[in-house]
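Here are a few friendly notes to read with the structure open beside you. Take the points one at a time and find each residue as you go.

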Amino acid sequence: MIVDDPKVTLDWEGHGIPADARDAPFLDWLCSVVARGDDGNTYWFGTSPLILGLEGVDMWNIEASWETGTVRQLPGSIFKVADFPSVGVAARHTHPAGTLQVERSDHEVTVRLPGFQVICRDDHSWHYTIEDAEKGIRAEFVHQGTGYPTWYGKETPSYLTPHSIAYGYNWSGRVEGKLTIAGREVDIVGTGIRERYVAVDSSAAEIGGWEDWAWFHFDEAHGSMYDMKLGQKDFSINLPGDGLYLPAGDFAIEHEEWAWLPQLGAFIPTRYRVRFETEAGVLELSSDVVGATVWGVTGKAPSTPVATLNWDNVQGAFTYTDGRRRTLTNGMGGVSIRQIKPYPDVLGAVLGAHGAVEADGRMTTL
């Protein structure tokens with residue numbers, strides 16, 4: 001969405017349930033990160049505090065992975081299987097409505113729940129401190145936004161679908177901090193996407209036609225995109241070295257190498273190719289999927305599956321309108337998907353019966 005002024009203010013960082021809220025409003029201050037650890041591992045992790053108006057609860061969660069999987073062709077079959085490891089650690093804490101507190105001052109907004117805090121400062125940095133002592137998880141990190149974000153809605157809300165209406169933004173940026181997992185402390189440096197989401201109303205059924213919510217970050221360019229097949233399509237790109245913010249144009253996503261993800265009970269694309277066309281030139285990127293976190297699976301595959309897919313090293317290039325081509329470096333990113341699954345969860349059982357996959361295997365989920 002193109003807005004009159006793309007600048008992020010503290011009013012937006014602390015925005016509450018909107019006055020025009022309907023049946024299912026919610027708020028979040030989400031961050032999803034890909035980072036290199038000083039132990040040599042790559043870490044994919046995500047966290048978010050939430051106010052869920054329909055359910056009447058406040059909550060926060062965190063999950064982290066550091067192992068990758070493979071996509072394999074089943075012998076004698078047209079099908080491929082995504083053989084991905086379980087999430088390494090995960091925690092979820094639910095509280096009664098009203099537990100989450102938002103404190104505002106001249107230079108920052110602080111969001112607090114027991115065990116969770118994020119401070120949003122007026123230099124466009126978010127400072128997270130998260131701890132679950134029982135599970136041995138602690139995270140302290142900073143997300144720094146530069147340039148401008150992709151806005152869902154600012155002056156007016158975005159009608160993603162007729163019953164999925166939202167204000168807010170998502171913004172890719174650099175991340176630095178520490179993770180502690182089972183007493184093992186790791187210094188991390190990487191990139192991530194943060195989301196300030198203010199939902200007037202939400203409908204998983206309408207969104208589920210197919211949704212790609214993706215982000216990327218190179219040294220030379222960063223941005224995000226949102227493609228809802230039954231609703232809206234938005235993106236923005238920042239080219240810091242050129243002083244450019246590009247919130248308009250078009251993009252197309254190619255989903256390739258589909259594979260069955262047993263933990264989700266659905267097929268997923270395991271290779272992404274994306275092409276953005278803007279007034280300044282064309283950005284192309286590609287990446288393979290090497291892992292996944294499934295959402296809300298408790299033993300039975302859902303009819304509207306949701307998952308975050310972990311991208312491997314992201315490749316990209318930007319071709320300017322004058323013909324210059326710049327290869328982009330140090331690419332990271334990721335994508336979350338939602339779909340309506342119009343087929344029963346039978347393939348997992350069939351493959352499991354032949355020893356190809358564990359039919360009832362489930363990842364740790366948020």
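1. Let us begin with a word that the next point relies on: two residues are in contact when they have heavy atoms within 4.5 Å of each other. Please also keep in mind that this is a predicted model.

2. Start with Glu256, which you will find in strand β19 (residues 250-261). Which residues does Glu256 touch, leaving aside its neighbours within four places in sequence? They are Pro269, Thr270, Arg271 and Arg273. With Arg273 there is also a polar contact of 3.2 Å between the two side chains.

3. Now look across to Asp288: 32 residues separate Glu256 and Asp288 in sequence, and their C-alpha atoms are 9.3 Å apart in space.

4. Next, the whole chain. The protein chain contains three helices and 24 strands. Of its 366 residues, 56% are buried. Among contacts with a separation of 6 or more, 61% are between residues 24 or more positions apart. The accessible surface comes to about 15100 Å², and carbon and sulfur atoms hold 50% of that area.

5. Now for the aromatic rings. A pair of rings is described by the distance of the centres and the angle of the planes. Rings pair if their centres lie within 6.5 Å, and by this rule the model has 24 aromatic pairs. Take Trp151 and Tyr169: their centres are 5.3 Å apart and their planes meet at 65 degrees, so this pair is edge-to-face. Trp151 belongs to strand β12 (residues 150-161) and Tyr169 to strand β13 (residues 164-181), so the pair links parts of the chain 18 residues apart. Both Trp151 and Tyr169 are buried.

6. Compare that with Phe216 and Phe276, a tilted pair with 5.5 Å from centre to centre and 45 degrees between the planes.

7. Finally, look for charges over rings. Arg196 lies over the face of Trp29, 3.9 Å from the ring centre. Over the ring of Tyr320 sits the charged end of Arg324, at 4.0 Å from the centre.

How values were computed. Residues are numbered from 1 along each chain as its sequence is written. This is a predicted model: local features need pLDDT of at least 70, side-chain atom pairs count only at pLDDT 80 or more; totals for chains, interfaces and linings use all residues. Side-chain values use heavy atoms; hydrogens and water are left out. Rings of Phe, Tyr and Trp (its six-membered ring) pair if their centres lie within 6.5 Å; planes under 30 degrees apart count as stacked, over 60 as edge-to-face and the rest as tilted. Helices (H or I, at least four residues) and strands (E, at least two) are DSSP runs, numbered from the N terminus. Buried means under 20% relative accessible area, exposed over 50%, partly exposed in between (1.4 Å probe, protein chains only). A charge sits over a ring if NZ of Lys or CZ of Arg is within 6 Å of the ring centre and within 35 degrees of the ring normal. Accessible areas come from the Shrake-Rupley method with a 1.4 Å probe; for residues, only the protein chains shown count as cover. A polar contact is a pair of N or O atoms within 3.5 Å; within protein, one must be able to donate a hydrogen and the other to accept it, and residues adjacent in sequence count only if both atoms are side-chain atoms.
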